[in-house]
2 protein chains.
Amino acid sequence: MEYTVQQLARLAGVSTRTLRYYDEIGLLEPARINSSGYRIYGVNEVDMLQQILFYRELGLALEDIKAIITAPSFDAAQALREHRQKLLEKRAQLDALIENVNNTIEQKEGRSTMNDKEKFNGFKNKMMEENEKKYGKEIREKYGEDAVNKSNAKLMNMSEEEYRKVAELEMQLNETLAQAFAAGDPSGELAQKAAELHKQWLTFYWDQYSKEAHAGLAEMYVADERFTAYYDKDQPGTAKFLRDAILIYTGMGQRG
Amino acid sequence: MEYTVQQLARLAGVSTRTLRYYDEIGLLEPARINSSGYRIYGVNEVDMLQQILFYRELGLALEDIKAIITAPSFDAAQALREHRQKLLEKRAQLDALIENVNNTIEQKEGRSTMNDKEKFNGFKNKMMEENEKKYGKEIREKYGEDAVNKSNAKLMNMSEEEYRKVAELEMQLNETLAQAFAAGDPSGELAQKAAELHKQWLTFYWDQYSKEAHAGLAEMYVADERFTAYYDKDQPGTAKFLRDAILIYTGMGQRG
DNA sequence: AGTTGACCTTTACGCTGCGTAAAGGTGTAT
DNA sequence: ATACACCTTTACGCAGCGTAAAGGTCAACT
C-alpha cells in the first residue's frame with residue numbers, strides 16, 4: 001500500500017502539515033516522490049510514524065525521537081529515563097507554582113492557610129461524608145451487593161497521594177462548577193466539564209461507575225436538602241445546576 | 001529617583017531586553033523618553049515592575065498580568081483562580097505522561113526498574129526515608145527552592161544499575177565506618193575515607209553538593225535522635241564519630 | 001475541451017518571552 | 001580626539017506545528 005500525505009495523515013490522525021514538517025526536519029521522509037512532486041509513503045513509513053507518535057505522546061522532543069528511531073543502537077530506555085527526569089523536575093516546579101498561587105489567592109481573599117486535613121474537611125465536611133455513605137447504601141441495593149463496602153475500603157485505603165489528588169479534584173470541580181454556574185448553561189462546555197470532573201471525583205469513592213448511579217446521585221443533590229445546602233453554600237441554585245449538567249452528561253435527562 | 005533601562009534592570013534583576021520587551025508590548029512603559037531617545041523610568045515604574053515580576057513568578061502570562069495591573073477594577077483573585085485551574089490541568093497531564101513513561105520504561109527494561117517501595121526497602125527503611133525528606137525541607141529553606149524536589153526526582157529516576165551502585169556504596173560506607181570507628185580517630189585515613197564515601201553516597205540524593213549542606217547533615221546526625229539511632233544501631237557513638245569525620249573532611253569543623 | 005473541486009506543492013508568518021547579535025547614536029572621562 | 005560604556009532600533013531564533021497564500025495536478029462531470 002502506498003499513501004499520499006492526506007491518506008497517511010488520516011490514517012494516523014495527524015495533520016498533513018505535521019507530515020510535511022516531519023519531512024522537513026528529516027524525522028520521517030516519504031518513501032519516494034512521484035513525477036508530480038507528491039510525497040508517497042509506504043508501509044515502512046506507516047510503521048515509523050506509529051513509533052514517532054508513540055514517543056511523541058510521551059512528550060519527547062522530536063529531536064530526541066529522531067535520535068531514538070534513526071540510530072538502531074540507541075538506548076531508548078536511557079533516553080526515556082532522562083526524559084522522565086525532566087518531567088519530574090517540571091512537575092516539582094509546577095507543584096511549587098501551585099503552592100505559591102494557592103497562598104496568594106488565600107492571602108488575597110483574607111483567609112489563613114490550611115493544612116491538608118483542614119482542606120479536606122473544609123471541603124466536604126463530616127456530614128457530607130456521612131451522606132455519601134448513606135447514599136451508598138441505596139446504591140448497594142440497586143447496583144450491587146458490596147459496592148459500598150468497596151467504596152469504604154477504597155476511602156480508608158487512600159494513600160496521602162490519592163488523598164491529595166481527590167482534594168485537588170474537588171477544588172477543580174468547585175471552581176469549574178462556579179464558573180459554569182456563572183455562565184448559566186448546564187449543557188455548555190464548562191458545565192459538562194464540571195460533570196466530567198464530578199464523575200472523576202466519584203470514582204474515588206465508588207468502586208464502579210455507572211451512568212444510572214451518577215444520574216441518581218445528581219437527583220439526590222436536589223432532593224436531599226443536606227446535599228443541596230452543601231452545593232448551594234456559595235451560590236443558591238448550584239446544586240440544581242449541577243444536577244442538570246450531570247443529567248445531560250449522562251444522557252439520563254429524558255427518563256427521569 | 002530616575003533610572004535608565006540598565007539601572008532599573010539591575011535593580012530588579014532582569015535583563016534590559018526584558019524591559020524593552022515590556023515596553024514593546026505595552027506592559028511597562030517608561031515614565032518618559034529623554035531628548036536622546038533614552039527610556040527613563042521613575043518610582044512608579046519601579047513599583048509596577050515589582051508587581052509584574054511577582055505575578056510572573058506565579059507563572060501568569062504577560063497578557064494576563066497586563067490585564068491585572070492596568071485595569072484597577074480587575075479581579076486579580078479570579079484571574080489567579082483561573083490560572084490555578086490551568087496549572088492543575090497541566091499537572092494532571094504531566095502525571096499521566098509520567099505514568100506512561102514509567103510504564104514504557106518498565107516494559108522496555110523487562111522489570112528492571114523498581115518502584116519506590118522496592119528501592120527503599122533494600123537499604124534505608126521507612127524511618128530514614130522520612131528523615132531524609134524532613135531534612136530535605138530544611139535544605140530547601142537554606143539552599144534553594146527546589147533542591148529537595150530535584151532530590152526526590154533523582155531518586156525516582158534511578159535505574160537498577162544506579163540503585164545497585166548506591167546500595168554498594170552504602171555497604172562500603174558502613175564497613176569503612178565500622179572499621180574507622182574501631183580505629184578511633186575521626187581525622188584518620190579510614191574515617192576520612194568514610195566521609196568521602198558518605199559524600200559520594202549523598203550525591204545520589206542531592207542534586208548539588210555543598211560542604212555546608214554536608215556538614216549540616218552531619219550535625220543533624222547527632223542532633224536528631226532518629227538519625228543517631230540509625231547510625232548507632234551496631235555501635236553506639238558511631239553517629240557522633242561520623243559527624244566529626246565529616247566536619248574534618250569538609251573543613252567546616254572550626255565554625256560550628 | 002473546459003470546468004469544477006479535491007487534492008498536492010512551496011513559502012512564510014504567527015504563537016511566547018525573551019536571548020543574542022548587528023549596526024549605529026550618546027555621554028563622559030581621558 | 002579617542003576610548004569605552006551606555007543607549008537605540010531591527011531582527012533572527014527557539015518548538016511544533018496552525019493557518020493562509022499562491023499556485024500546480026488529477027479525476028470527474030458537463
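Analyst: A polar contact is a pair of N or O atoms within 3.5 Å; within protein, one must be able to donate a hydrogen and the other to accept it, and residues adjacent in sequence count only if both atoms are side-chain atoms. This is a predicted model, in which local features need pLDDT of at least 70 and side-chain atom pairs count only at pLDDT 80 or more, while totals for chains, interfaces and linings use all residues. Residues are numbered from 1 along each chain, chains are lettered from A in the order written, and side-chain values use heavy atoms, without hydrogens and water.

User: Which residues place a polar side-chain atom by a phosphate oxygen of DNA strand D?

Analyst: For A:Ser36 the distance is 2.5 Å, and for B:Thr4 it is 2.6 Å.

User: How many residues surround DNA strand D?

Analyst: A residue is near a strand if one of its heavy atoms lies within 4 Å of it. Here 18 residues surround DNA strand D, with A:Ser36 and B:Thr4 among the closest.

User: Which residues of helix α4 of chain A are buried?

Analyst: Buried means under 20% relative accessible area (1.4 Å probe, protein chains only). In α4 (residues 62–70), the buried residues are A:Ile65, A:Ile68 and A:Ile69. They lie on the same side of α4(A), because they cover an arc of only 85° around the axis, taken from the directions from the helix axis to the C-beta atoms.

Methods. Buried means under 20% relative accessible area, exposed over 50%, partly exposed in between (1.4 Å probe, protein chains only). Helices (H or I, at least four residues) and strands (E, at least two) are DSSP runs, numbered from the N terminus.
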